[in-house]
Amino acid sequence: MTRGYCLGYVAGLTQGARSAEEIHSVNWVFCLPPGVTNIQKVRVIRKYISNHPEDAHNPAEGLALQALHEAFPCGAK
């Protein structure tokens with residue numbers, strides 16, 4: 001059940017970020033390549049938090065967005 005919650009959270013967070021960016025015409029925080037799964041996004045986020053334990057107390061949504069931004073920057077080749 002926890003796994004499903006985590007996957008749903010990440011799916012909602014990434015979809016919400018995309019919607020907010022489109023509605024408000026702001027720069028994209030991250031650019032997912034085609035085919036990236038929610039499991040892959042969760043792994044990226046978990047690795048980021050593991051590599052930055054000093055930030056682990058911060059809100060999950062900020063950590064997740066930062067992790068995705070670093071792993072999938074816009075304009076990357």
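Me: Let's start with Thr-14: is it buried or exposed?

Reply: Bearing in mind that this is a predicted model, Thr-14 is buried, because its relative accessible area is 4%, which falls under the 20% cut-off for that label. Thr-14 sits in helix H1.

Me: And what does Thr-14 touch, leaving aside its neighbours within four places in sequence?

Reply: With those neighbours set aside, Thr-14 is in contact with Phe-30, Lys-41 and Leu-68. With Lys-41 there is also a polar contact between the two side chains, at 3.2 Å.

Me: OK, Lys-41 then. Which helix is its place in, and is it buried or exposed?

Reply: Lys-41 belongs to helix H2, and with a relative accessible area of 7% it counts as buried, again because that value is under 20%.

Me: Switching topic: how do the axes of H2 and H3 cross?

Reply: The axes of H2, residues 38-51, and H3, residues 60-71, come within 9 Å and cross at roughly 105 degrees, and the two helices are therefore roughly perpendicular to each other.

Me: Which residues make that contact?

Reply: On the H2 side the contact is made by Lys-41, Val-44, Ile-45, Tyr-48 and Ile-49, while H3 contributes Leu-63, Ala-64, Gln-66, Ala-67, Leu-68, Glu-70 and Ala-71. Divided by type, the residues of this contact are 9 nonpolar, 1 polar and 2 charged.

Me: What about the largest nonpolar core, how many residues make it up?

Reply: The largest nonpolar core has 12 residues in all, namely Val-10, Leu-13, Ala-17, Phe-30, Val-42, Ile-45, Tyr-48, Leu-63, Ala-64, Ala-67, Leu-68 and Phe-72. Helix H1, which spans 2-24, supplies at least two residues of this core, as do H2 and H3.

Me: Which helix gives the largest share of this core?

Reply: The largest share comes from H3, with 4 residues.

Me: Last one: what does Leu-13 touch, not counting residues up to four places away in sequence?

Reply: On that basis Leu-13, itself one of the core residues, touches Glu-61, Ala-64 and Leu-65.

Technical notes. Residues are numbered from 1 along each chain as its sequence is written. This is a predicted model: local features need pLDDT of at least 70, side-chain atom pairs count only at pLDDT 80 or more; totals for chains, interfaces and linings use all residues. Side-chain values use heavy atoms; hydrogens and water are left out. Axes are lines fitted to C-alpha atoms, for helices over the stretch in contact, and angles run from 0 to 180 degrees between N-to-C directions. Angles under 35 degrees count as roughly parallel, over 145 as roughly antiparallel, 65 to 115 as roughly perpendicular and the rest as oblique. Contact means heavy atoms within 4.5 Å. Ala, Val, Leu, Ile, Met, Phe, Trp, Tyr, Cys and Pro count as nonpolar, Asp, Glu, Lys and Arg as charged, and the others, Gly among them, as polar. Buried means under 20% relative accessible area, exposed over 50%, partly exposed in between (1.4 Å probe, protein chains only). A nonpolar core is a set of buried Ala, Val, Leu, Ile, Met, Phe, Trp, Tyr and Cys residues joined through side-chain atoms within 4.5 Å. A polar contact is a pair of N or O atoms within 3.5 Å; within protein, one must be able to donate a hydrogen and the other to accept it, and residues adjacent in sequence count only if both atoms are side-chain atoms.
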